[in-house]
Amino acid sequence: MKPAEQAAAMLAAAGMARMPARVMMALVGSPDEGYTAADLAERLGVSAAAVSGAVRYLVSMRMIQRVSRPGDRRDRYDLVDDAWAGMITANAPLYAGLAAQMDSIAEENAGAPISVARAREIADFLRYLAERMPRLAADWRAEREAATRPDPR
């Protein structure tokens with residue numbers, strides 16, 4: 001199995017739908033001009049409809065983008081720059097919202113101390129993610145920028 005397919009299988013095992021995972025990993029190794037939907041279908045050995053649904057999903061998640069080329073009537077697709085860090089950062093409000101819901105669940109189940117403790121622990125973890133994930137992405141970006149900056153000497 002090729003590395004892109006192995007990576008897609010890992011994403012699918014982690015909960016991502018299989019076809020979007022395969023399309024995304026194909027785009028990681030795409031030529032600089034990206035792939036058309038037909039290119040993706042051929043590369044992955046699937047139907048155009050399967051690629052269309054996966055592309056629509058990944059565009060909506062801001063993981064990939066349509067790229068128009070002058071003189072080419074077909075759209076091409078490529079990864080969005082900084083897509084992974086952006087996706088993680090964008091989920092921070094979701095984690096905070098889920099934490100608030102866990103707190104509400106704990107309040108509704110005051111008579112069940114084990115359930116309350118479980119809900120509070122989940123809420124604490126989600127708040128931790130909401131706070132830390134954007135900071136981690138910012139730290140990573142800063143380190144990456146510093147590493148690519150020319151040495152002033």
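This is a predicted model: local features need pLDDT of at least 70, side-chain atom pairs count only at pLDDT 80 or more; totals for chains, interfaces and linings use all residues.

Student: Which secondary structure elements does the chain have, and in what pattern do they follow along the sequence?

Tutor: There are seven helices and three strands. Their order along the sequence is α-α-β-α-α-β-β-α-α-α. The radius of gyration is 20 Å, well over the 15 Å that the globule rule gives for 153 residues, so the chain is more spread out than a compact globule. Along the principal axes, the C-alpha atoms fill a box of roughly 65 × 55 × 30 Å.

Student: How are the strands E1 and E2 joined to E3?

Tutor: Strand E1 (residues 35–36) runs antiparallel to E3, with two bridges between them; here Thr36 stands opposite Arg76 of E3. Strand E2 (residues 64–67) is likewise antiparallel to E3, joined by four bridges, and Arg66 has Tyr77 of E3 as its bridge partner.

Student: Are the residues on the two faces of strand E3 buried or exposed?

Tutor: In a regular strand the side chains alternate between the two faces of the sheet. In E3 (residues 76–79), Arg76 and Asp78 lie on one side, Tyr77 and Leu79 on the other, and all are buried. Both faces of E3 are therefore covered, with buried meaning under 20% relative accessible area.

Student: What share of the contacts with a separation of 6 or more links residues 24 or more positions apart?

Tutor: Such residues account for 49% of those contacts in the chain.

Student: How far apart are the mean positions of the positive and negative charges?

Tutor: For the 20 positive and 20 negative charges, the mean positions are 4 Å apart. The accessible surface comes to about 10200 Å², and 56% of this belongs to carbon and sulfur atoms.

Methods: Residues are numbered from 1 along each chain as its sequence is written. Side-chain values use heavy atoms; hydrogens and water are left out. The radius of gyration is taken over C-alpha atoms; the globule rule is 2.2 Å times the number of residues to the power 0.38. Contact means heavy atoms within 4.5 Å. Accessible areas come from the Shrake-Rupley method with a 1.4 Å probe; for residues, only the protein chains shown count as cover. Lys and Arg count as positive and Asp and Glu as negative; His and the chain ends are not counted. The place of a charge is taken as NZ of Lys, CZ of Arg, CG of Asp or CD of Glu. Buried means under 20% relative accessible area, exposed over 50%, partly exposed in between (1.4 Å probe, protein chains only). Two strands pair if DSSP finds at least two bridges between them.
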